[in-house]
Structures are given as structure tokens and as C-alpha cells.
Amino acid sequence: MILQGPAEAPRVEGDPSFLVNRGALCIKGWTSAGTLAHPERLTRPLVRGPDGRLVAATWDEALDRIVEGIRALQSLHGRDSVGVFGGGSLTNEKAYLLGKFARVALQTRYIDYNGRFCMSSAAAAALKAFGVDRGLPFPLAHLAGAGAILLAGSNLAETMPPVMQYLETQRARGGTLIVADPRRTRTAEAATLHLRLTPGSDAALANGLLHILIRDDLLDRAYIRSRTEGFERARAMAAAYWPGRVERITGVPEADLERAAHLLGTARSSMVLTARGPEQQAQGVSNTLAFINVALALGQVGNAFGGYGCLTGQGNGQGGREHGQKADQLPGYRRIDDPAARAHVAAVWGVREEDIPGPGISAFEMLDRLGPEGGIRSLLVFGSNPAVSAPDAGRVEKRLRSLDLLVVSDFFLSETAALADVVLPSAQWAEEEGTMTNLEGRVLLRRRAVAPPAHVRDDLQILCALADRLGRGRFFSDPGARAVFDELRRASAGGPADYSGITYEKLEARAGVFWPCPAEDHPGTARMFLKAFPRPGGRALFHAVSHLPAAEEPEATYPLFLTTGRVLAQYQSGTQTRRVPELTALAARPQAELHPALARRHGIREGDTVRVTTRRGRATFEARLTEAIREDTVFVPFHWGGEGKANALTNPALDPTSRMPEFKVCAARLERATAEIVSEGPAGEGRG
Ligand SMILES: Nc1nc2c(c(=O)[nH]1)N[C@H]1C(S)=C(S)[C@@H](COP(=O)(O)OP(=O)(O)OC[C@H]3O[C@@H](n4cnc5c(=O)[nH]c(N)nc54)[C@H](O)[C@@H]3O)O[C@H]1N2
Ligand SMILES: Nc1nc2c(c(=O)[nH]1)N[C@H]1C(S)=C(S)[C@@H](COP(=O)(O)OP(=O)(O)OC[C@H]3O[C@@H](n4cnc5c(=O)[nH]c(N)nc54)[C@H](O)[C@@H]3O)O[C@H]1N2
Ligand SMILES: [Mo]
């Protein structure tokens, strides 16, 4: 992206020479300057006064308040009484420094981040199957060369519009696209074949595809023999997923299943891509593994214009999951319980290995332990808005309110910041230098284009100032992003995500560098798995996966499936996009997508206010009638707080491995709301 014009009215344009998007931006990209000089921008620290209101304060007052609070809590309740919550929109430098801040300055084990709600299932599955997690192990542009693509639970026409150009080219070259989604999305409309599966039935669908590939001998047996292990167990499992049974579980007609398997099995190359649809489930890791099995059986992983990839969501959703803001992780994608990793990172940090805390707990588990009962009495939030985006958000909001000290760094007063004791105004994207690692594993340099408003600091400065006041300043000098990156390079050296050969100079000279890049004269690794997998023995591993029902299935009181996700013109918890007029003009209110037949049964017409209730809470939406959705399913976006907060409804059932919540499936009841019901009170208050 290129920013032009004076800081007051910068203009954002795509860069046609940039290899990832070839200049294409989505509407949120070209309106993104709207958040820079916005009238609601936070420009002073805010501190909660004795009367309970947030009032402007100096940086000294705000930082002192935080440090006094932390010291008091830690001396009374121990170091683990303070937790840290990060995000995948932070630069690599910030994510790295936040992890170090938690372990070295606060010396707490409790740190996790919003990527737990996003990438954790795909990450865990890729680690199990391939030994490493790099979202796309090949450049995005390779989609255009694929013979067949299976896109499972991704609506990239709305969530990553610039990618559509590659799918269009792929189709123009005779390629085919299969989309598995309970809704006929804009993405599904562009597909050769749409599999409109029942929410939560992905593992059955993938096993059904594997069954047909085996039955009809569409496998790559030489590849399976030479490059994989565990196939026999997966084959035995798939034997139980004959098409008729899979049709009963998934609702996908047998004929469509057969056609999908044959499109994949006979194409010149094939790709299987997953996104949050199958991943954000209590069976998210199994679902992803079942799709990986399909790509392995087709002999495609490591093949040109084929393979498996997950479509990472946030701007730095990849780098954000590599450098230590995850509870069990140290920089370079190292494990915090690995003695060698600890020793390496301790040496870079200049601390004793035994002083690095052990693993903490996952995002939702940590949020659920906030307050006196759970023992985490203070939380520092950098780059997330969990009051809106966490599952069972009513419960999470109660926990946030029970904290002794909540600190939020943000550039707007998000719903979470509005609950805080101290709010720190931070710089945003165009105002600071740093690196981001995109969905392809390509490390990119984000240049500073404009100066932040007066009195606003960036997160690196904030963390260093806090560390200094905590008496740990010698580990956190404030040398700026470039120096933090150089330290990150050393900390990542030799780890799975090795950045040691990447420098700012190299990033300035090129359109990014792919990791692993273990030496300065190394070109980076655009394509992975060409010859081997980073697993013992060098082979990829099949997993025998069975379909298990969703944690909560429809029954008499809650007879419908509820699923949640995104719309084009809003982003995440909406803190940024709900403030941009061009975007709110397109998506002003949260709408519930209902099939006309379902709406008729409930006496609901287009535009009516409807109430959706689950075991956790209720929320109200404007009805949008569409035949694109299954009759048994309601879809709501999660970009709003207040009465239209989708996460007042969602189920925090967690995947046993990734600890990913089940955002994509729960059981719900639908009613037409009367005016009285709408004005009854904030959503999520009524607990069913
Ligand atoms: N406009 C916009 N774009 C975004 C974002 C945004 O907030 N707004 N956020 C970014 C981020 S962080 C992310 S993670 C990505 C997410 O990108 P996507 O994964 O494309 O987005 P979602 O809308 O969450 O979910 C994708 C699809 O999963 C389907 N789905 C629901 N339940 C199931 C199921 O059980 N199985 C299957 N197979 N599919 C199911 C939904 O109908 C939906 O169409 O988008 C990124 N891009
Ligand atoms: N129901 C439901 N819930 C979901 C999902 C779903 O599909 N359904 N998807 C989940 C997914 S995939 C994700 S990624 C999460 C996202 O959920 P959140 O983490 O809540 O997402 P954002 O709205 O991006 O929140 C980022 C906040 O940090 C601020 N911010 C951005 N950049 C910076 C920075 O550099 N520094 C600081 N200090 N602040 C910054 C923004 O203004 C914003 O307030 O939501 C999850 N929740
Ligand atoms: Mo995400």
C-alpha cells in the first residue's frame, strides 16, 4: 500500500508491482486512512477516577498507576496474578516484545492472544501432520495454477477479496473450484461446485472424499509410500464413511460428493485450503487433519500448484503466532517447555533459563480465570477487543469487570478499553515502522508514512517505559523497531520460524522474504516440503479422524444451528471499521441471515428485528432473508457490541488440542422481537 498526501487527508492506493495482491485492495484497505485522523482517536492516556469515570491523564500518571497496581498485586498474590493478552494485528516486533515483557518484566506465565481464536486449530494440525505451521507453504499466486481447489469454510470473496483474481485466472485456465460452506456465499457463487454442508460436519465430509478417492483409485500411491506414514489407519477410518452415510451426516448429496472427489482426483494438480469454517470448532484440529489427509492422499503436498494451506486471517496472523505471545511458546516458534529452546532464548534475553516462566493457559481459559476467584487479578491488553470477540462474551465481560486492574492499549475506545482502569493511546499502522508476516509466510516491511498525533506513543515505547518502571529496564532499552527485530532474529535463529537471515535492508530491497531464512545470504523459502517434511523421518503423517457431533446440537428448545463469521465491510470487533463512514454505509447494523422458509415459520419479514437466544445469552439483529443459507441455520456476523453482539450467544467449548472455541456451531432459538424486547436491556444480560 502507498500513502499519499498530507497527514490530515492521506490517500491509500494499491501497488501494482506488489506480488501478493498486484495492487488490488479491498474496501477496508482503500478506506483505511479513515482511522488515522479520526475525531474519536485517543490522544491522551485515560485513567479511571474515584467517581468511576475515565479522565485524561499524563503519561507519568497513567504509567505510575499501572506499575503501582501491578506491584501491589504481585506482592500480595504472586507474579501470576497479572496476565497479558496480545493480538495478531501487532507487528512482529511488538508481538515479540510483548512475549518478552510478560516473561521478563512481569515474570508471569499468563500470556496468550487473539490468534488462539483464529489460527490455533490450523496451526496445531499442520504441526502434527507436517512438523511445521506455515499457513501457505507456497506463494498465494500459485492458486492461479492449480487444477482443482477445495476451499473449506472460507468466504474469501468477502474476507480476502484481492485473492479472487487468482481464482478467476485459475478458472479461466480451465481449473475447478469446490467450496464447502453451509451458505452459498459470494465465494460459493464463483465455484464449480458448492457443497452446502451441515455446520460442524467437516470431518465427515473430508473422510467421505477420502473414501471415494480410495474406492476409485484416485490416490497417488507412490507419494503415499515414499513421503508419508500412517495411511493405513486413515484408510481404515475412511472405510466407514461411505457416500450414503456421509450424505446423512453432512446433508451433501452423494452425487456432489462423488463429483468433488473426482474433480480433485483427476486434476493436473489440486489444492486443499481451509479457513475458519472447519477450524473454529471444538473439533477444529480433527477437521483440519481430515482435510490434510485428502491433500496427502492426492500426493499434492510439496507438489507444484498443489498442496494444503490454511488462509491466515489477520494482517500479522502468521508472524503473530511465531514469536512468543502464545502461552506455550518462545520466539522462532519454539516451545517454552523445551529446555534447549529456553536456554537459547534466555541467552538472547540475558536472563537465567530458570527465570523464564513455564507455559500458561489458552486465551479463553485465561479470560475465564480473570478476577479474584480465578486468581488473575490484572490484565494488560494490546491489540484485541475480547469484550466483543471472545466466545460467551457476557461471561467474559463479567470477568473483565471483576479485575483489580485492566489496562488497554488501543487507538480507539474499544468496548474492552471502555471497561479499563487505564487506557493507553497507541500509534497505528501508518504511523510506525515494523514487520508483518503475511499469510504466505512472507516477511514484509511496513514503513512509517505519517507521524502519530502528539502525545501518542507506540506499543514498543509503552512496553519499554513500563519495564523500566518495573525495575527491569536493563532488559528493555528503547531502541526502536529495527533493533527489536535484530534481537528477534537472534532469538529465532535455529527455531522452526527462523528469521535470522532477514534484515530490514533485505526487506527494503525486495518485496518480502519468506521464512525459514537461516542466513543473510539465504534467499528465503517460498515453497516448502519439496523433498521432506520437518518431522522425524522426514515424512508427513496421516491421522485417523472420526466425525464427532458439535459440542451443542439443535434440540427442542434450541432447534437451529447458529453460525458466525464476517461481512465484507466490517472488520473483526469493529473498533476500526465501525468508525469509517464508507463502511458503515454498506453495513450499518448486524443482520441475521435467515432462509425465507424459516422466516415464514416464525412470522418474520425482511427488515424485522429478530431475537436469537442460546444457552448463554441473547442478541438482536435485523432479519435478512436469503435462500443462500440452509433452512436449519442462522448466520450472524460478530463485528458489533451492544445488543447485536453475536458473542453473547457463542459456545466456549474448546478443541482439546488447540483450545479453539466453537465459534462456528451452537444451538439457537429464533423469535421475532417486539419493540419491548428490543429495548429490554443490553444483550447477554438474560442468561438462559
Ligand atoms: N471483511 C472482513 N475480512 C476479514 C476479516 C473481517 O473481520 N472482515 N477478518 C480477517 C480474519 S482475522 C480472518 S480469521 C479471516 C476469516 O476468513 P473466513 O474464514 O473466510 O471468514 P468467516 O466468515 O469467519 O468464515 C468463513 C465461512 O465459514 C462458513 N462456515 C460456518 N460454519 C461452517 C462449518 O461448520 N463448516 C464449514 N466448512 N464452513 C462453515 C461460514 O458460512 C463462512 O462463510 O478473514 C480476514 N478478513
Ligand atoms: N463469533 C465469532 N467470534 C470471533 C470470530 C468468529 O468468526 N466468530 N473470529 C475470531 C477471530 S478469527 C479473530 S482474529 C478475533 C479478532 O478479535 P479481536 O482481537 O477483538 O479483533 P480486533 O477488532 O482486530 O481487535 C483489535 C483491537 O486492537 C486495536 N489495535 C489494532 N492494532 C493495534 C496495535 O498495533 N496496537 C494496539 N495497541 N492496538 C491495536 C484495534 O483498534 C482493536 O480495538 O475474533 C474472534 N472472534
Ligand atoms: Mo482471525
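Start with ligand 1 in this predicted model: 33 residues sit around it, and Asp181, Asp202, Arg566, Gln570 and Gln572 come nearest. Ligand 2 has 30 residues surrounding it.

**Ligand 1: contacts and cover**
- Glycine 200 uses a polar backbone atom, 2.9 Å from an oxygen atom of ligand 1.
- Valine 567 also brings a polar backbone atom, this one 2.9 Å from a nitrogen atom of the ligand.
- With threonine 563 it's the side chain: a polar atom there lies 3.1 Å from a nitrogen atom of ligand 1.
- Taken on its own, ligand 1 has 910 Å² of accessible area, and the protein covers 99% of that.

**Ligand 1: who makes up the shell**
- By residue class, the shell splits into 15 polar, ten nonpolar and eight charged residues.
- H13 gives the largest share, with three residues.
- On the domain level, domain 3 (120-310) and domain 4 (560-678) each provide at least three residues of the shell around ligand 1.

**Ligand 2: contacts and cover**
- The closest residues here are Asn114, Ser389, Asp410, Asp459 and Ser573.
- Serine 409 has a backbone N or O atom 2.9 Å from a nitrogen atom of ligand 2.
- Threonine 575 works through its side chain, where an N or O atom is 2.9 Å from an oxygen atom of the ligand.
- Asparagine 647 places a polar side-chain atom 2.8 Å from a nitrogen atom of ligand 2.
- The protein covers 98% of the 910 Å² of accessible area that ligand 2 has on its own.
- Sorted by class, the shell around ligand 2 holds 18 polar, seven nonpolar and five charged residues.

- The domain assignment lists domain 1 (1-30), domain 2 (41-117 + 316-477), domain 3 (120-310) and domain 4 (560-678).
- Going by C-alpha atoms, the centres of domain 2 and domain 4 are 30 Å apart.
- Their contact takes 21 residues from domain 2 and 21 residues from domain 4.
- Between them, these two domains bury about 1,700 Å², with 59% of it on carbon and sulfur atoms.
- On the domain 2 side, look at Val388, Asp392 and Phe412: they supply 28% of the area domain 2 buries against domain 4, more than any other three residues.

Terms used
Residues are numbered from 1 along each chain as its sequence is written. Chains are lettered from A and ligands numbered from 1 in the order in which they are written. This is a predicted model: local features need pLDDT of at least 70, side-chain atom pairs count only at pLDDT 80 or more; totals for chains, interfaces and linings use all residues. Side-chain values use heavy atoms; hydrogens and water are left out. A residue is near a molecule or strand if one of its heavy atoms lies within 4 Å of it. A polar contact is a pair of N or O atoms within 3.5 Å; within protein, one must be able to donate a hydrogen and the other to accept it, and residues adjacent in sequence count only if both atoms are side-chain atoms. Accessible areas come from the Shrake-Rupley method with a 1.4 Å probe; for residues, only the protein chains shown count as cover. Helices (H or I, at least four residues) and strands (E, at least two) are DSSP runs, numbered from the N terminus. Ala, Val, Leu, Ile, Met, Phe, Trp, Tyr, Cys and Pro count as nonpolar, Asp, Glu, Lys and Arg as charged, and the others, Gly among them, as polar. Domain bounds come from an automatic or database domain assignment. Contact means heavy atoms within 4.5 Å. Buried area is the accessible area (1.4 Å probe) that two parts lose on being put together, summed over both.
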